Amino acid sequence: MSEELYADLAWLPKPPEDFRRRCKSLAESDEPGRAVSHLAGYALRENQLHLLADALERLSAAGTSLAPLTPFKLGLLGNATLEPLVPTLTATAPRFGISLECVRADFGQTIQEALTSSSRINSAKPDAVLLAFDYRGLPLGAGGFSEETMASAVNESIAFLRTLREGIRAHCGALSILQTLVPPPDTLFGHLDRVIPGTLRRMTAAFNTALVDSLRGTQDILLDVSALANTVGLAHWHSPTQWNIAKFPFDSALLPFYSDHVCRIVGALRGKSRRCLVLDLDNTLWGGIIGDDGLEGIVIGQGNATGEAHLEVQRTALALRNRGVVLAVSSKNADEVARKAFTDHPEMILREEHIAVFQANWSDKATNLSAIAAELALGIDSLVFLDDNPVERALIRQMLPQVAVPELPEDPALYARTLTAAGYFEAITFSEEDRRRAEFYQGNARRAALRQQVGDMESYLASLEMEIVFSPFDATGRSRITQLINKSNQFNLTTRRYTESEVAALENDPRIFTLQVRLIDSFGDNGMISVIVCHERSSSEWEIDTWLMSCRVLGRRVEHMVLREILLHARTRGVQRLIGRYIPSERNGMVREHYATLGFRRFEESPSGATAWELKTEAEIESAPMVVTRSGFDDSVPVPIPA
């Protein structure tokens, strides 16, 4: 089962028998983008991915919009045959909320494509380029079994890839996705291969270490193909026959598995990774039904195979929380009975303080999941729901198709492995703010509970004892700023995206004004919650290029304080008019009237729904009860208007 779990994408439901018919009927759908995403969400084999890719090609030829899927253009460069990747990648990407266009180089044209500005890939201006090299495409050939020879070969290979990366960055501005190398299963010295320098097993290990080191401090992304091959087995990964016949670097039966992992990274680059794990309780976190069996009757803990299986689910959930994933509970149970396990059972690893929202009641789970998302101020597509009951899983898939619901096997020993294999929480960066995200959202749930208790809004806001901190963009915040720009979809006026290098360029451009905004209150630090980019249109006019904000601080008048800060700096620089634009997307309808609410006057509207707004900088903007702190600004900025 273990190998099949990964190779067969067993966490996904099996495709329906009429899958071919459904692909053909996509053009008749009222919402083809959502329909495509639904079909991509099955455990598809290579031939089924081709059927879906053909349907996508027909939709593209007809000019059909695939909203709400997010467009992404991916270049493909490598030493092997790349053509088979295109349909499987384009058909897999909607599973992660992406409408993918692939641009591939011809076989053997790697150098020309990377280093020529007019090449097919550079001309296409992709968002990222996948450098799909295996050990046969790099200068790692036999040259003597010595440390010096091996180091020289590894350095030459890393330098070659660096040249490609720099060419791609210079000519089209794309980031690179680089693969670790998979050694062949064959050995020269047997078990001594890992010891002798210059063997392929030792050489690929040294290369992989050097590759990781070469990515530090860059935007480029690692695709750990070596880990994928080890997961399914080296002998299964490599197919000498397919390499000899078609120069294909791995067994084509693993194309769905490989494509799933590439598209996880693409999805993560566009902020599609999930943020919250919602847990069922009975027969998921423990064996048995606590309402029937009582606290002493549930099965959990060491010394019992079933108990240890459920304990591993808890360990995995807690580990995810420690890296920033929010935990919630949705269970059909009496609240006081369900909580008793968390407070009183000695073998429980998870405790109440680890759970941001606890929904134990007799409502249907679709209602509970919607309530959890609302309380956490998260989109419903941020949730993953783990439940042993196939009926409940089917219900959520039908009523809330945006929620990720992994299929679970009968054996609870495989629950935790299935959850992690699915890759719902794929990360491309990891910062202190990422680690603390679960705390941020848990604090948000406590703020929501306080709001229920306090009578009026002013008293509630005052009770939060808020401090808002304004700073310009800087190197320290750069990674988080880039992450927010590429992940924020709902409270995002223009949904423009910037790479980390582009964000760095904004920091030192005198024609650009930037803000990173943090919020602290009595429940803790909310972290960076807003990003602003203003362009100087003239000496007297600024345009707000980017205004995004975390939805978890909605309702606290943060937007008023941000606008006051923008106006303060604009007036200091002699700016008289502020221009704001709203560019509609599938998910930012909540800010359609954002500028109107803040007192801007609309002066332009396009048929697409995009609007332009203006505000004189002498305007007085409503304040909010919070302390204002500033750091990093030029000393010429005057003492601020009191908040």
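Biologist: What is the accessible surface of the chain, and what share of it belongs to carbon and sulfur atoms?

Modeller: In this predicted model, the accessible surface of the chain comes to about 26,800 Å², and carbon and sulfur atoms account for 50% of it.

Biologist: What makes the radius of gyration of the chain agree with that of a compact globule?

Modeller: A compact globule of 643 residues would have a radius of gyration near 26 Å, and because the chain has 26 Å, the value agrees with that rule. Along its principal axes, the C-alpha trace spans about 75 × 70 × 55 Å.

Biologist: How many of the residues count as buried, and what does that word require?

Modeller: Buried means a relative accessible area under 20%, and 55% of the 643 residues of the chain count as buried.

Biologist: Which residues of helix α3 are buried, and why are they said to line one face of the helix?

Modeller: In α3, which covers residues 32–40, Pro32, Gly33, Val36, Leu39 and Ala40 are buried. Seen down the axis of α3, these buried residues fall within an arc of 125°, and therefore they line one face of the helix. In general, an α-helix has 3.6 residues a turn, so residues three or four places apart point the same way.

Biologist: What covers the buried residues of α3?

Modeller: The cover includes α2 (19–24), α4 (46–61) and α5 (85–92).

Biologist: How many helices and strands does the chain have, and what share of its contacts join residues at least 24 apart?

Modeller: The chain has 26 helices and 17 strands, and among contacts between residues at least 6 apart in sequence, 72% join residues at least 24 apart.

Key:
Residues are numbered from 1 along each chain as its sequence is written. This is a predicted model: local features need pLDDT of at least 70, side-chain atom pairs count only at pLDDT 80 or more; totals for chains, interfaces and linings use all residues. Side-chain values use heavy atoms; hydrogens and water are left out. Helices (H or I, at least four residues) and strands (E, at least two) are DSSP runs, numbered from the N terminus. The radius of gyration is taken over C-alpha atoms; the globule rule is 2.2 Å times the number of residues to the power 0.38. Buried means under 20% relative accessible area, exposed over 50%, partly exposed in between (1.4 Å probe, protein chains only). Contact means heavy atoms within 4.5 Å. Accessible areas come from the Shrake-Rupley method with a 1.4 Å probe; for residues, only the protein chains shown count as cover. The arc is that of the directions from the helix axis to the C-beta atoms.
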